[in-house]
Amino acid sequence: MKHAPILNRRLIAAALMIGLFCSSAFGATDESEEEIPTTLQPYNVRVFVAIDDNVEFQLKFRTRILAELRDRCDGYWGRMCTVSIEEFPRLIPATATTLDRLAITHESPEVANCDKAFFLTLQADGGGYLVAGKCWDTTTRETSDVISSQVFRRSDIADRLFGLLSDLFEPIVEIADFDEKQVTLQIRAGEFLPPDPTQAPLKTGRLLTPFYRFLTREGDVRKIQEIPWTYLVVSDVDRATANCTIVSGLRVPLTTRRRRLIEVLAQGVRPKFDSTRLKFVSQQFTDHPMFGVTVSIVPEKSETTAEASTEESTGEEQAQVAKPEPVTMMTDRAGTVTISGDGSNKPVMLAVHSGKSALARVPLVPGLEAEAQIQLPDDTIRLNVEGQLAVLEAGVIDAVAKRAVLMARTRSAIKANDWKSVDEFLERMDKISGPSRMQTELTIIRERGVSAAMARKDVSAKRRIERLCSKTSELIETYLNLDKINQFREETAELRKALGAK
């Protein structure tokens with residue numbers, strides 16, 4: 001009995017050692033567990049099919065449609081997608097209009113534990129059938145627009161339903177590496193090539209838009225941030241890896257600083273409209289439309305033009321190469337222009353100017369959105385300064401013209417030995433505004449403009465105003481220089497002395 005406390009202490013120590021060993025062993029197992037790479041992660045897809053309550057759509061028909069659609073998904077997508085298909089009786093009536101009104105959020109039970117959820121409808125439509133669908137993407141937390149298609153034969157319904165799935169499916173890729181001009185992507189499920197090559201997630205020329213996903217420490221999505229006016233165009237694909245060229249209106253569209261809780265991803269996009277209506281508004285006052293702004297579509301330099309303008313070509317040959325002219329338009333009173341697509345689905349570069357001042361240079365894919373808005377720096381201050389400078393420069397031109405006329409009349413009076421008129425013309429020449437007075441007026445215009453720009457903290461407007469005023473100052477010094485006037489006076493005085501005139 002005396003040894004019992006010692007024995008108990010030994011048993012407790014042994015238990016603690018076993019516990020520590022087990023916990024460390026289990027901890028090593030957890031740490032050694034590696035995350036499955038993106039390229040080996042298939043899409044978890046859920047498909048909900050709502051079939052309208054019609055006497056033509058009996059239970060046997062509904063079951064057959066779902067089975068045929070499942071066969072199409074397995075046969076076309078293969079291991080790229082893990083698909084579950086079920087009927088969706090909650091959507092009543094099962095029509096394209098009701099589908100458009102169906103609200104889907106990340107909290108909806110239908111989208112739980114899946115990467116993409118597709119919602120399809122089938123309804124009788126006259127002598128045929130109408131199928132429609134839309135897609136929820138868990139990564140972007142966005143719902144696509146509803147697309148629809150007409151079917152005339154019952155045997156084509158399953159094919160047309162899968163066609164909607166294929167059209168709505170947009171790949172998700174991870175941006176692995178990038179520089180100023182090129183981006184390397186890791187394609188989700190890219191190692192699982194689909195049985196049908198037409199269903200490959202990415203092809204050459206495919207268009208994508210990048211975005212950031214900000215995560216919490218628990219792995220939940222905190223915020224999704226799109227990268228504006230930035231597109232990726234696929235240049236080549238090698239299984240799960242793709243290279244893209246980057247087209248952006250931003251100086252640094254992608255950040256080089258990587259963080260564990262920030263994912264840099266991109267999603268495939270396709271133009272859905274024939275054109276895009278662009279509205280230009282002021283950055284300071286977003287309800288103020290920028291009318292009278294010039295918008296030019298800068299043409300891409302074609303390969304033919306590039307080859308013809310090589311160093312081996314002569315000057316005459318290069319002069320004969322026709323340079324494509326930019327398409328120029330002007331915003332209306334609402335501050336809008338319409339950019340039509342050419343069917344190429346490629347970004348076009350837009351150069352935006354107010355007068356001679358460049359306001360923005362951004363790429364746009366016509367038809368990707370029906371409407372878009374671009375905020376421009378408010379150019380009111382610069383335009384006001386430019387108007388005042390135009391008046392001042394007109395005064396310079398008028399002064400130069402008056403001086404030239406008076407000098408010509410003075411020479412004529414000298415030839416006529418009319419020295420009274422010579423004195424009158426010289427006196428009138430002195431009253432014409434000289435460079436000193438013009439520079440004073442210019443200084444007032446500059447100070448007022450710069451003060452107004454700094455009051456709005458518009459550094460860009462300040463730089464433009466100073467640049468415009470500097471050019472006007474050079475103009476004044478060049479054309480109102482008093483050296484020519486002084487030289488003319490000296491020549492006139494020498495002639496008066498030589499001729500003995502008083």
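Is Arg277 buried, partly exposed or exposed? Arg277 has a relative accessible area of 35% and is therefore partly exposed. The model is a predicted one, and the values in this report are computed from it.

## The protein as a whole

The protein has 502 residues, of which 40% are buried. Its secondary structure consists of eleven helices and 20 strands. The accessible surface is about 29,700 Å², and carbon and sulfur atoms account for 52% of that area.

Contacts can also be sorted by the separation of the two residues along the chain. Of the contacts between residues at least 6 apart in sequence, 70% bring together residues at least 24 apart.

Strand β9 covers residues 207-215, and nine of its nine residues are buried. The burial applies to both faces of the strand. One side carries Leu207, Thr209, Phe211, Arg213 and Leu215, while the other carries Leu208, Pro210, Tyr212 and Phe214.

- With strand β13 (residues 262-268), β9 runs antiparallel and is joined by seven bridges. Phe214 has Ile262 as its bridge partner in β13.
- With strand β10 (residues 221-226), β9 again runs antiparallel, here with five bridges. The bridge partner of Phe214 in β10 is Lys223.
- With strand β11 (residues 230-238), the pairing is antiparallel over two bridges.

## Asn243 in strand β12

Asn243 belongs to strand β12, which spans residues 241-248. The relative accessibility of Asn243 is 19%, so this residue counts as buried; the cut-off for that class is under 20%.

The side chain of Asn243 makes a polar contact of 3.3 Å with the side chain of Thr184. Beyond the neighbours within four places in sequence, the residues in contact with Asn243 are Gln182, Val183, Thr184, Val233, Val234, Ser235 and Asp236.

## Helix α7

Helix α7 is formed by residues 380-415, a run of 36 residues. The distance from its first C-alpha to its last is 53 Å, close to the 52 Å expected at 1.5 Å a residue. After the helix comes Asn417, which has a positive phi near 60°.

A salt bridge links the side chains of Asp398 and Lys402, with an N to O distance of 3.3 Å. Both residues lie in α7, and the four residues of separation between them correspond to about one turn of the helix. Asp398 is partly exposed at 39% relative accessibility, and Lys402 is likewise partly exposed at 45%.

## Salt bridges across the chain

Side chains of opposite charge can pair when their charged atoms come close. The structure contains 18 salt bridges. One of them joins the side chains of Arg46 and Glu86 at 3.3 Å, N to O. Arg46 is in strand β1 (residues 43-51) and Glu86 is in strand β2 (residues 81-87), so this pair ties together parts that are 40 residues apart in sequence. Glu86 has a relative accessible area of 33% and is partly exposed.

Another salt bridge is formed by the side chains of Glu371 and Arg277, with an N to O distance of 3.7 Å. This pair links distant parts of the chain, since Glu371 lies in strand β20 (residues 371-376) and Arg277 in strand β14 (residues 275-282), 94 residues apart. Glu371 counts as exposed at 53% relative accessibility, whereas Arg277, at 35%, is partly exposed.

Technical notes
Residues are numbered from 1 along each chain as its sequence is written. This is a predicted model: local features need pLDDT of at least 70, side-chain atom pairs count only at pLDDT 80 or more; totals for chains, interfaces and linings use all residues. Side-chain values use heavy atoms; hydrogens and water are left out. Buried means under 20% relative accessible area, exposed over 50%, partly exposed in between (1.4 Å probe, protein chains only). Two strands pair if DSSP finds at least two bridges between them. Contact means heavy atoms within 4.5 Å. Accessible areas come from the Shrake-Rupley method with a 1.4 Å probe; for residues, only the protein chains shown count as cover. A polar contact is a pair of N or O atoms within 3.5 Å; within protein, one must be able to donate a hydrogen and the other to accept it, and residues adjacent in sequence count only if both atoms are side-chain atoms. The expected span of a helix is 1.5 Å times one less than its number of residues. A salt bridge is a side-chain nitrogen of Lys or Arg within 4 Å of a carboxyl oxygen of Asp or Glu.
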